[in-house]
Amino acid sequence: MNKRTALLTLPAALLLALVPSSASAYPNPGTVTGSVVVHDPTMIRTSAGRYLLYATGGGLAYKTSTDRTAFTAGADAFTTKPGWWSSYASEAWAPDISYHGGKYLMYYAVSKFGENTSAIGLAGSSTGLPGSWTDYGIVYTSTSSSDYNAIDPNLFVDDDGKWWLSFGSWWTGIKMIRIDPSTGKQYAGDTTRYSLASRPTGSKAVEAPYVVKRGGYYYLFASYDVCCQGTSSTYKVKVGRSTSVTGPYYDKNGTALTNNGGTPVLESHGRVIGPGGQSVMNDVDGDLIVYHYYDGNDGGTPKLGINLLNWSTGWPVAY
């Protein structure tokens, strides 16, 4: 039995003792090799066992693996970038891949760095492979006068069949809208823009939401503080949970995520600087948190990180 398998069998009381009490105690990423330079990764496993990973950059950068260890790069998702992108930026960010109704869906953002004139787009594919994606156009936008930012989308499909899209960063924080499953775009019967997380005092830096449901709770993961500064990055992943998908979300101490709350999941440790841009996926051996970090032993190069998550305490613990 390896260390990770052994941890899955520990009772909650013992696992609590393993929750890091300082940043230096966080686990290192699992071993990955090959093409592992990445930002904002999203990953899915096909029915044939192949891993498809998309990430920020160009027409949405692509990598693939058959064993979740050795990754190779391929062509971008889009051979030709959709024309509407040029109104916002020249490349796409922070994709979110999922599989519903016999089709792969990918939400993504197009925006200039640090600006909130942004758009969330949607594409679909029968195979999920580069060059196969059909762009369905704009889902949601923000402008320079908005108090939110339409970036970093994440689709969540609830047990009752309702679809929800979380997104956002900085400004007034993380938002959520309801999505029509028939179109993949905003549901006309509920146009509320819900607020899930924000930092009303101090830094506004919270972004990259990801929602999952485990054990009767909805969990909201988000990236806090500053990305994309190499070894000066202060990015970290925090989480809160709620009994309702639209919130309110609270951290382990009972602080609302709309009031600077958030329980740490991953922080800088050793050579792993600024982990964030995370997604969560369920695999054959459990849940994974998939993220990027800046390698302090390699000049701050952004690299792929993958850890398993244990939920036996009621809160996600990376190992």
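Keep in mind that this is a predicted model. Start by selecting β19 and β20, the latter covering residues 286-295: the two run antiparallel and are joined by 8 bridges. Now widen the selection to take in the whole open sheet, 4 antiparallel strands in the order β19-β20-β21-β22. At its edges sit β19 (272-283) and β22 (317-318), each pairing on one side only.

Next, the rings. There are 19 aromatic pairs in the structure. Select F78 and Y108, an edge-to-face pair with 5.8 Å between centres and 65° between planes. F78 comes from the loop between β5 (70-74) and β6 (92-100), while Y108 belongs to strand β7 (residues 103-111), 30 residues away. Buried or exposed, what is F78? F78 counts as buried, because its relative accessibility is 7%. Y108 is buried too, at 0%.

Hop over to W164 and Y194: with centres 5.9 Å apart and planes at 70°, this pair is edge-to-face as well. W164 is in strand β11 (residues 163-168) and Y194 in strand β14 (residues 194-197), so the pair ties together parts 30 residues apart in sequence. W164 is buried at 6%, whereas Y194 is partly exposed at 22%.

Last stop, arginines over rings. Select R178, which lies over the face of Y187 at 4.0 Å from the ring centre. Then try R241, sitting over the face of Y217 at 3.8 Å from the ring centre.

Note on methods. Residues numbered from 1 in each chain as written. Predicted model: local features only at pLDDT ≥ 70, side-chain atom pairs only at ≥ 80, totals over all residues. Heavy atoms only, no water. Pairing = 2+ DSSP bridges. Phe/Tyr/Trp six-rings, centres within 6.5 Å; stacked < 30°, edge-to-face > 60°. Buried < 20%, exposed > 50% of the residue type's maximum accessible area, 1.4 Å probe, protein only. Lys NZ or Arg CZ within 6 Å of the ring centre and 35° of its normal.
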